[in-house]
Amino acid sequence: MSTIQFIVSGPMLPTWDRRTQLSRDLIRFLATNSSESPLLRALSVACFKYWPIISQILQPVHSNAQISELTIPAYPLNPAVLEATGLWAHKLTSIAQASQQMRMEAEHIASTDSKHIILYLHGGSYTSGTARQYRNMHLRLAQATGVQVLGFSYRLAPQAPYPTQLYDAYCAYQYVRDLGFSDDHIIFAGDSAGGNLALALWQLLRAPIRALVLLSPRVDVTSTRDSWKRNAQVDVLRPYTLDNSHSTIRQLLAPKGLSQQTYQLLSNPFIAPIHADLTQLPPILVQVGTAEVMLDDIVEFAAQAQMQSSSTVELQQYENMFHVFQAGLPGTRHFKEAWERIGAFILNAQQWVMAQSAASRFVTAQDTRLVLDQHTFVVNGANYWQAMNLGMASGPSGNRARVLQDLSELSRAGINMVRILASSEGSQFGKQPDRMYPVLMTAPEQYDEDVFAGLDWILAQLPRFGIKATVSLNNYWTWSGGAAQYVSWATNSQIPYPKQWDHLRQAFTGGDYNEFLAYTNRFYADKSIYNMTQHWFRQHIRRVVHRINTVTHTRYCDDPTIMAWELMNEPQVIEGGESQMEQWINDSALLIQQLDPNHLITSGAESKNGREWHRIMHASPYISLASCHFWPLNWGYYNATDPTRASLDFSISKMHEFVKDNAQWASSLNKPTVLFEFGMMRDNWGEHSGLLGYSPDAPVTHRNAFYQAVYEAVAEMVQKQQFSGAAFWAYSGTARPPLKPTLQISWTGDPPHEPPGWNSVYDQDKQTLDIIRNFAVLSRQDPTTST
């Protein structure tokens with residue numbers, strides 16, 4: 001009827017053309033085999049029976065791929081998999097015993113990639129469909145991905161109630177394994193009910209397969225979310241209901257009649273994967289149309305997967321498209337794009353595995369070089385101090401969706417290391433100004449497990465992006481609590497804060513800087529409280545280094561995702577306290593080395609106070625990596641309000657001197673060194689004077705010139721094996737400064753004690769990101785430098 005309506009009065013949706021409308025009507029008609037109308041049901045069944053012929057007429061796939069028809073035998077159930085099935089264990093066992101003579105029809109589509117295989121689980125509401133009827137889907141999938149495809153004809157309801165289909169899928173998986181494919185070379189894919197079955201099979205196996213590709217997957221069967229009403233007239237599906245004896249869910253779960261247990265099955269994770277434990281999901285692609293009745297179900301499932309899983313969860317929504325539009329007529333709106341993006345996802349899955357493999361090894365120091373997998377490792381890093389809080393599952397700071405987007409952008413920019421915090425401390429005097437909240441350590445040796453879990457989650461994400469982490473165990477500055485908070489705990493005194501950004505007045509205000517230094521230096525220089533502050537700090541080191549990650553179940557000390565431990569961000573010098581500083585660094589680094597012999601250790605020093613202080617902060621035999629920072633504005637070299645290149649060129653000349661000095665000092669200690677921080681604010685003159693210099697709209701002409709100069713200078717030293725990389729400060733990604741004065745933390749790249757937007761690099765700063773990406777080219781090592 002809607003096709004006739006289209007001819008008379010136009011399409012159901014304004015973006016649809018005739019082909020899209022016809023595809024929707026065709027799929028809707030084929031889906032009516034659950035209709036109460038016997039005639040429509042009979043016609044639909046007939047269309048399915050002859051669909052291989054009909055589809056080649058309506059949806060021709062031009063392919064020279066070799067198609068092989070085969071049969072899959074029954075396989076005995078592995079007892080280990082039954083443990084995960086709960087109430088299905090008995091039924092699966094009975095089905096397996098009764099299916100010993102079973103032979104499933106299947107077909108294999110050859111392709112250019114012989115090392116990987118896609119196991120395709122077809123849709124059809126569990127009540128219709130065969131491998132032959134889905135041949136066009138198999139062929140398109142092989143064309144889009146270049147990967148061979150195996151489809152199979154699982155037994156259908158109501159003649160074969162659930163979990164017969166799950167057992168059949170298990171046999172197909174075992175058949176693929178018998179063909180010689182390991183889990184990391186197998187991809188599960190499916191549409192609609194087949195997507196549901198793919199998720200159920202993954203739950204059954206919990207195998208580390210390469211990826212999941214789901215097209216409009218059925219993830220819930222309650223039909224209660226708003227999209228079931230919103231899109232009911234447009235989409236091809238009807239609501240699930242147990243009360244209708246012809247409904248597919250009734251035929252699947254209770255063909256012989258309802259019981260109280262049947263209703264309970266609606267929330268079973270194998271029937272409704274939205275309730276499943278998704279913590280070990282492989283990389284997953286989910287495609288859905290915004291005109292689908294299942295849209296809200298699928299969006300909620302993807303959100304749950306992103307929250308729980310450490311793998312890539314890619315949700316692609318296609319405007320005004322209906323259920324499994326990828327099976328529609330060629331030329332349908334978004335048809336070509338969707339298949340191309342499936343191919344791109346599978347290709348990326350291969351790259352993720354390669355990146356994870358690289359991330360599975362420890363970075364080590366060999367003389368003045370960093371080494372990974374017997375090759376020189378050059379740090380192209382970003383400071384992402386806010387990671388721990390953004391990684392929280394909930395709360396005012398948690399934003400895992402943003403983190404995944406940020407890490408994806410950083411990975412594309414060639415970033416292979418992020419520098420993050422594993423410390424933040426609370427005050428006994430209540431909430432403090434310009435401090436990140438919530439804090440990790442609420443009081444001495446008391447921790448907020450939700451914040452710790454955020455750090456767990458972050459470390460679990462990094463390997464799939466090929467990114468290592470330098471993890472800082474303390475901070476000299478108060479924006480995270482830091483060393484001053486330890487002194488405050490020990491003396492029960494208020495911290496004399498230095499000048500900091502007042503977010504309401506939009507200006508720097510505060511006390512005396514020297515008074516603050518004297519107070520904070522007591523952390524490692526005041527004998528009257530030293531034992532107390534160091535006990536707490538050393539207990540914190542033990543707590544972090546030996547923590548078992550709640551996502552990966554790996555101890556931090558055994559996790560190669562971590563590149564290095566950093567004692568403290570920017571420990572400041574003590575006039576006349578050289579021996580105290582040297583002793584503190586040596587004792588702290590020794591403790592870490594005893595707890596964890598796998599990882600590098602760095603002091604976190606700025607290395608701005610000359611050669612002797614550089615030696616003091618790096619001479620310990622337990623410090624394996626030297627550190628330096630360069631800040632031209634903070635150190636008085638750069639005038640951000642000067643539109644000429646005068647102060648910029650002066651800053652660049654001082655930077656060259658600084659890099660050469662640090663390269664020479666580290667080389668004299670026979671240790672690698674990294675420029676762990678450098679940065680510059682946006683142009684702060686003309687129409688972007690004053691506060692407008694913090695705006696994302698302000699240009700970055702001077703910053704880009706400075707970044708380019710830094711990377712060229714460091715790359716030159718890398719080629720001489722006197723430097724091991726650089727990390728810019730800091731990545732803001734999708735975060736932006738607030739439009740109005742507020743005390744709420746914006747979680748840009750600028751800590752709370754600084755104006756938001758001061759040194760942040762945003763995802764929109766494409767030229768800056770290109771400069772960062774090009775550092776990998778500038779610093780590329782000659783192959784002869786490999787060990």
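**Ground rules.** I work from a predicted model in which local features need pLDDT of at least 70 and side-chain atom pairs count only at pLDDT 80 or more, while totals for chains, interfaces and linings use all residues. Residues are numbered from 1 along each chain as its sequence is written, and side-chain values use heavy atoms, with hydrogens and water left out.

**Entry 1, the sheet β9-β10-β11.** I took helices (H or I, at least four residues) and strands (E, at least two) as DSSP runs numbered from the N terminus. I counted two strands as paired if DSSP finds at least two bridges between them. On that basis 3 strands form an open sheet in the order β9-β10-β11, with antiparallel pairing. I noted β9 and β11 as the edge strands, since each pairs on one side only.

Strand β9 (residues 364–366) is joined to β10 by 3 bridges, and Q366 stands opposite R369 in β10. The hairpin of β9 and β10 has 2 residues between the strands, and D367 there takes a positive phi near 55 degrees.

Buried means under 20% relative accessible area, exposed over 50%, and partly exposed in between (1.4 Å probe, protein chains only). In a regular strand the side chains alternate between the two faces of the sheet.

I used the term nonpolar core for a set of buried Ala, Val, Leu, Ile, Met, Phe, Trp, Tyr and Cys residues joined through side-chain atoms within 4.5 Å. The largest has 118 residues, and I420, L675, F706 and F728 have the most contacts inside it. Helix α25 (residues 701–719) supplies the largest share of this core, 10 residues. A second, separate core of 85 residues includes L92, Y173, A291 and L295.

For contacts I required heavy atoms within 4.5 Å.

I paired rings of Phe, Tyr and Trp (its six-membered ring) if their centres lie within 6.5 Å; planes under 30 degrees apart count as stacked, over 60 as edge-to-face and the rest as tilted. The structure holds 41 aromatic pairs. I looked up one of them: the rings of F523 and F537 have centres 5.7 Å apart and planes at 75 degrees, so the pair is edge-to-face. F523 lies in helix α20 (residues 522–525) and F537 in helix α21 (residues 527–545), so the pair ties together parts that are 14 residues apart in sequence. F523 is buried at 0% relative accessibility, and F537 is buried at 0%.

Ring pairs also link a cluster that includes F630, W635, F678, F706, Y707, F728 and F775. I also found R547 over the face of F452, 4.1 Å from the ring centre; the test asks for NZ of Lys or CZ of Arg within 6 Å of the ring centre and within 35 degrees of the ring normal.

Helix α18 (residues 482–491) is mostly covered, with 9 of its 10 residues buried. The buried residues include Y486, V487 and W489, and they pack against β14 (441–443), α19 (513–520), α20 and α21. Just after α18, N492 takes a positive phi of about 50 degrees.

In helix α23 (residues 611–618) I listed W613, H614, I616, M617 and H618 as buried. Their cover includes α22 (578–595), β21 (626–630) and α24 (646–668).

Q66 is found in the loop between α4 (51–58) and β1 (67–73) and is exposed at 55% relative accessible area. Q66 touches H108, I109 and A110, not counting residues up to four places away in sequence. Q66 and H108 are 42 residues apart in sequence and 8.0 Å apart in space, C-alpha to C-alpha.

My search of the whole structure for disulfides returned 0, taking a disulfide as a pair of cysteine sulfur atoms within 2.5 Å. C171 is buried at 0% relative accessible area, and C557 is buried at 6% relative accessibility.
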